[in-house]
Structures are given as structure tokens and as C-alpha cells.
Protein chains: 2
Amino acid sequence: MKHNFGAGPGILPQQVLQEAAQAVINFNNSGLSILEISHRSPDFEAVMDEARALVKELLNLGDNYSVMFLHGGASSQFAMLPYNLLGENETAAYLDSGTWANKAIKEAKFFGKVNVVASSKESNYTFIPKDYEIPKDARYFHVTSNNTIYGTQIHQFPESPVPLVSDMSSDIFSREFDANKFGLIYAGAQKNMGPAGVALVIVRNDLVGTVERAIPSMFNYKLHIENGSMYNTPPVFAVYVSMLTLRWVKAQGGIKAMEKINNEKAAKLYAEIDRNTLFKGTCAVEDRSRMNVCFVMNSPEQEKEFLNFAKERDCVGLKGHRSVGGFRASIYNALPLSSVEHLVKAMQDFEKIGSSKPELSMK
Amino acid sequence: MKHNFGAGPGILPQQVLQEAAQAVINFNNSGLSILEISHRSPDFEAVMDEARALVKELLNLGDNYSVMFLHGGASSQFAMLPYNLLGENETAAYLDSGTWANKAIKEAKFFGKVNVVASSKESNYTFIPKDYEIPKDARYFHVTSNNTIYGTQIHQFPESPVPLVSDMSSDIFSREFDANKFGLIYAGAQKNMGPAGVALVIVRNDLVGTVERAIPSMFNYKLHIENGSMYNTPPVFAVYVSMLTLRWVKAQGGIKAMEKINNEKAAKLYAEIDRNTLFKGTCAVEDRSRMNVCFVMNSPEQEKEFLNFAKERDCVGLKGHRSVGGFRASIYNALPLSSVEHLVKAMQDFEKIGSSKPELSMK
């Protein structure tokens, strides 16, 4: 068994993978594969309905929200969001807290004006900026709830005088929060919800259809809502696996239960990073992500060695993003606590070897 | 075993489904699922490279073409095509040969001017218009190679003085044609290539980056080409299954072999429709599609009965689109000849029952 710490597409529950594989051969005992059935069949319509209902239930969303499953990932939403919500002469406020926030800003500029209220770019995004004011005349305020690459996370969402919008690709369904405080939430599926190829978009209904521009059908939220995410053939399999994963989250006890174990996983790993003489964290302690744990070695020349050491122990996907270096342990919902314990043990063992064989740690 | 005549998402080869299910559990013996590996992993990069190379090889494409696998289906390309190729004050020519052609026209109008050179809409799209002139100053000329809903197909592509563009969603890889005569070809995967959630786009390089407007990243062909369809996380599983299906097409003997058996399937089925006293075709004989065979009954009140009769014999997905009624047998690449023979037998048996029990055919 591999311990999959990959940042995304990330680990999915074993049970979900088994069910998904079965459906590729024979879906719902229909004698047909989930890959070759009509999206208009009652069996798939039930999947789409359940997926959307589970999102509403798990997040306690009010009736004034619509839930969509759309083609593409968060990157498509970087453009679709301002396409639908930001008029050409209007301004949207953005928080620049990482690479993906920065990309979202870049795309919004194709559609309207952007006011970047704060940025931690100059410190290589090692913290979440907190000292800023949200302009009252902004169309919306956009934040990235969790910065996958830098391992920072917004632990307290700001009170916003304008609709709060968040890219939650890497931490949705991982912790409790009041979703009803948001104007729009979007997330690529491939970290905590499903496979790559589908994005979840949750929008407060009064924000839809407010912009003046003409929007081509496939980029138009209104049309997708009116058609129950079936305006065109949806990414059937990705929606199905997302639905299975949401079912799994519910069966585990919902988001509350997920958060409890996620906190436990994060606490164990950060404790070891802070204790172990060979390792150190890369970002501000108060902003540490409970999904993507970034760390480096005090002696960077040992990093390759530890990566191999961990790999021999079946810990995969640990290499940090090139813009941070070192390691990144992604500990998404589906990663069991035992995998974190396994990694912590590897770090401890590596420390012991290093201190007993100084020539190794000096390499 | 079911005989899957569904129009799409359509039938895929059994061998592909088996391999895909295996990869959902354990991809390339990595101990990880294809759903939870990084798209930047060498194993998946090899999949993407092979998928693109197979498209080039199967279609004998010259080096002056780029191949992309993009999120979404053909509907997304209805907009992306003019976004990238049609300036605001330029005109594109379109042939209106069916519902999807009509939708493509609608989307193009968001970006520039559209000249519909001919339409068969008034006759409920029962034929492919052939008497038209392609304006020499059009930016491109767009045709739908096969009309899934109406069961018509262009058997001879026009000589065009401007770049020829085609939506080939429902017949790509099903018959030989000179792909190098086209400026751009696109196809949603879910009929002849793979599962829903990915579109193939083939473009002649000189057409890319010629329009003046600023294009958001995810809608920009140039960026996707430069990044080898990995600008963002691609729909990993849909690309993988498409690659497996393209491998299968190659192993069958390529498009030449596919065409031979497809022609045989179509000939058998149309022969029975023409012979059987109960059934008749719905569209112009010379434009009959070899992928989607549309037919009705001389006594429409018998149609429900035949649908049930066929279903009892495991023929599924036969119900015609609501705009045509009757039946549609989609006989895509992966549908074996034996399934067509099975359906033909059902039609013959139904005819016999009807003639021996007149009260049944009179219902």
C-alpha cells in the first residue's frame, strides 16, 4: 500500500475507487459501463441530483444557493467568475495570497478592473495578508481559502461588505465554515472531492445574471443552473466519482468529523516538523494549512536523500512545488491518519540514522 | 450482454473498459489509481503524449497541425472556435445541417458575424444542403460532418476557398478522409473516442493566434498548444480512456479497417429498414449517416411496442431523439457487427409476429 501525499490530483477513498472501478464495468447492474450510458438516463440523472443535494446538505446551504458541476477545473472558473459577475467598468477586489490567487487576478483583468487589496508575493507567499480593507464599491471580494503550493490557509474568513467569493479547490469539505456567508464558492474536484475534469460552483442566486454583457452559453452560469448542470453532456464519470466521495464524507460523519481527523493529522505532522532537528516549516505558524504541509530540511543537501528514504517506505508525492522546494505533504480528507503516522515515523527514523551515522547527514 | 445503440455517451470497446477499470484501482502497477496521480507524473505525461501522437498517426496529420485534448465537449468548442479565429468585424460561414450546427452558429454570433450559406432546417434537417457557395472573404467555413440527431452525414466534404472547419464529434475515426484539407477539426470524445468530459481539437498552426482580441487563458488555443494540453490539470481519466480507445482503433487496423466494418454494419441495417414492410428511413438516402441510423415505423402507434420488443432482446438506447421520433440506432466504432445483426433479426421477427397476429400490428 502506498501512502499518497500528492498535491493533486490527490488521494481518494479506497471504497470510492472500488465502486468507481465496478461502475466502469457495470453501472447499477445495468449491464452497461458508466462511461457509455446517456447522461439523460434516469440512473445518471439520479447521480447528478444526489451530488448536488449532498453539497447542499454537507455545507448546510440555504435555498437561495444554486449548485453546479461544470466541465474544467478552477482555472476555468478564474475566467467564468468575472465573465458572469464583473462588468467591464466595475471593480473586483482580490487578495493575492499565492500562485493560484495571482492567476485568478490575471484572468479577472480580461473582464473588468481589479483591486488587489493586499499581497504576500514579496515574501514568497509565506503568510496570508490580514491587514487590508475591502472596498465597499467592489463587485465582489475574492480569496483563495487554501494555498496548495505554499501551504497557507485562511483560518478566519474576513467579514466582507461585498459578496465574498472563494476558490476552495484544496480545502472544501475538509473543515466547517459558514458557507452561507459567501456569494460564490468554486473548487476543482481533484483534491478533496473527485477526479480531475469537473469543478463545483456554488452561487447565491441573486448574483446570477446581473452583469450586462452577452455571455456565450457554455460560460453562462444562468444557463447551467436552469439546466441542472445538463445544458450539454456533463463530465459523467467525474460527477459520479465526486458523488461517491461526497457520500463517503457524509458516511464518515460529515464535515465536522472530517475536520476533527484533519486537525489531528495536521497537528501530528507539524509537531514532528517542529520537534525534529532536521526539519522546519516554511510558512507563518498561524497560517499553516491543514491540507498541504510544506517543510524543508535545515540542510537542503539532505532533501533528496530523505525523499528517497520516504519513497522506499512507500510515501509518494512528497516533493515540494518548485517555487518552495523541500517537501509538501498533502493530507486531504481521504488520507488516513495512519499514513501521517507512517511519515512521522520515517522522519524520526531518518533523524536517528543521521545522528548515528554522521557521514550520512553530511553528504 | 447488452447491445448498446445509445447516441452518446456511446459504446466503448469492452477491452478498453476492462483496462480503464483496472487503472481506476491500480494504474501501470504504480499501486495508485489513475484518479489520484499527478498529471505531471511521467506515467501520465506518457499517456497524453501517446494520445496526441495516435491522433496524428491515425489521421496522417502533417507537422503543421497541433492536437489538443481540452476540458468540456463540442459545446465548449462552439464558443472557443470563434473566440480564437473570428474577429469582431469578420464573417464566418456556416452550414446549417442540424441542431448542433445551429447551436454552433448561435455561439459564433457572440464573437463576430455569421453567414449561413445554406440550411435544411425547414425540412426538419432530413438532408445535407449541397447547393451553396462559400464566400471567399469568410474567415472559415464550418460544417458538422455527421448530424447525430437526424442521421445525416456529409459523404463528400466541399472544396473550400477558406479554412474548412468541422465538428466531427459523432464520426471522427469512423471513416477515411483527408484531415490535411481542414483548418480545424473538433470532437467531443463521448461518441467514438472516449468518455464525456474531454474534447479533441486539431488545428492548423497558421490559424492560431491570428485574431486580435485578448483571450482569457483557458479559452486560448495558443496557450494550450504551448503547454501540450497541460496548461491546467487536464481531465486525466477521460484523456486516458481516449488514449486506450485510439490504441484499440489502431490495433483493429486503423481507420481503414473501422470504415470497412462500419460500412458493413450500416449497409445491413439500412437494407433491413428498406426491406422490412414495417419500417422506413427518415432522411435522404444519399445523405444517410453510417453512424446514426434513424428510422420510424409506417404505423407510428407500433413504435412503443417495437421498442419494448427490442429491449427484451437486450437492444438498448434505440429511442429516437424527440425532434425526429421513432428510432435511432447509433452504430459507433465499438459496436460489433453482431449487435447490428441482432437488431436486424429483431426487426425481422417483429415483422413476422405482426403478420401472423394482425391484431398486434393493428394496435
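Of the 132 residues in the largest nonpolar core, A:Phe69 and B:Phe69 touch the most other members. A nonpolar core is a set of buried Ala, Val, Leu, Ile, Met, Phe, Trp, Tyr and Cys residues joined through side-chain atoms within 4.5 Å. Buried means under 20% relative accessible area, exposed over 50%, and partly exposed in between, with a 1.4 Å probe and protein chains only. A second, separate core holds 62 residues, including A:Tyr186, A:Ile215, B:Val208 and B:Ile215.

This is a predicted model, where local features need pLDDT of at least 70, side-chain atom pairs count only at pLDDT 80 or more, and totals for chains, interfaces and linings use all residues. Residues are numbered from 1 along each chain as its sequence is written, chains are lettered from A and ligands numbered from 1 in the order in which they are written, and side-chain values use heavy atoms, without hydrogens and water.

Now the sheet. Chain A has an open sheet of seven strands with mixed pairing, in the order β2-β10-β9-β8-β5-β3-β4. Strands (E, at least two residues) and helices (H or I, at least four) are DSSP runs, numbered from the N terminus. Two strands pair if DSSP finds at least two bridges between them. β2 (65-71) and β4 (113-119) of chain A stand at the edges, each with a single partner strand, so one side of each lacks a neighbour in the sheet. The twist averages 20 degrees from one strand to the next.

β2(A) pairs with β10(A), residues 198-204, in the antiparallel sense over seven bridges. Within β10(A), A:Ala199 is the bridge partner of A:Leu70. Helix α3 of chain A (residues 74-85) packs on the sheet, and its direction makes about 155 degrees with that of β9(A). Helix α4 of chain A (residues 99-108) also packs on the sheet, at about 160 degrees to the direction of β3(A). Axes are lines fitted to C-alpha atoms, for helices over the stretch in contact (heavy atoms within 4.5 Å). Angles run from 0 to 180 degrees between N-to-C directions.

Next, A:Lys191. This residue is found in the loop between β9 and β10 of chain A. An unreviewed UniProt entry annotates A:Lys191 as "modified residue: N6-(pyridoxal phosphate)lysine"; such annotations may be inferred rather than shown by experiment. At 14% relative accessibility, A:Lys191 counts as buried. Among the residues it touches are A:Thr148, A:Ser169, A:Ser170 and A:Tyr332.

Key. Lists of a residue's contacts leave out its neighbours within four places in sequence.
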